[in-house]
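Q: I would like to go through this model with you, one contact at a time. Shall we begin with the strands?

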Amino acid sequence: MAKEFKLTRARLKELEQELNYLKTTREKEVAELIKEARSFGDLSENSEYDEAKNEQAKLYGRIAEIENILSHAVVFDETAEEDMVGVVGLGCTVKVRDLEFDECDVYVIVGSQEANPMEARISDDSPFGKAMLGKRIGDVVEYEAPVGTIRFEILAVER
């Protein structure tokens, strides 16, 4: 079975726009680069041609990657259901307190395609994300990290 990619509607739209750009504008730009490089003569010693072909390979690789993601995308609904209020799930913003250092942090639980730890966007596939899913306000969450067991208390959950 193919891997499913969990995406927000916003991320799905971003990928669709990127794919459209790559297949229209960028593909024409790369074709023009190849055409121009060919005009320089002998292809066996033409570094511009080699570079343009490498750029084309990267372009087609990215197009294939996006098409794969879109064909296996599962869009999750970010609106709260009555029985899911206060429960950590995809798309939730979670405020937690580190029980060891008594520090508070805010994270957004997202699918792996949207994860960016530098922006506190944590993947549901990460150890922290897996430990958080399904928990409620007031729960203490433990997970194993390379530095040992880390414990957090969930202070707030917003959708």
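Q: Which residue in S7 is the bridge partner of glutamate 144?
A: Threonine 149 is the bridge partner of glutamate 144. Residues are numbered from 1 along each chain as its sequence is written. The model is predicted, so local features need pLDDT of at least 70 and side-chain atom pairs 80 or more, while totals for chains, interfaces and linings use all residues, and side-chain values use heavy atoms, without hydrogens and water.

Q: How many bridges join S6 to S7?
A: S6 and S7 run antiparallel and are joined by 6 bridges; strands pair if DSSP finds at least two bridges between them. A hairpin through 2 residues connects S6 to S7. Strands are DSSP runs of E with at least two residues, helices runs of H or I with at least four, numbered from the N terminus.

Q: Which residues form the covered face of S6?
A: Val141, Tyr143 and Ala145 form the covered face, and Val140, Glu142 and Glu144 the uncovered one. In a regular strand, side chains alternate between the two faces of the sheet.

Q: On to the rings: how many aromatic pairs are there?
A: The structure holds 4 aromatic pairs. Rings of Phe, Tyr and Trp (its six-membered ring) pair if their centres lie within 6.5 Å; planes under 30 degrees apart are stacked, over 60 edge-to-face, and the rest tilted. Phenylalanine 128 and tyrosine 143 are edge-to-face, at 5.6 Å centre to centre and 70 degrees between the planes.

Q: What does that pair tie together?
A: Phenylalanine 128 lies in helix H3 and tyrosine 143 in strand S6, so the pair ties together parts 15 residues apart in sequence.

Q: Is phenylalanine 128 buried or exposed?
A: Phenylalanine 128 is buried, at 7% relative accessibility; buried means under 20% relative accessible area, exposed over 50%, and partly exposed in between (1.4 Å probe, protein chains only).
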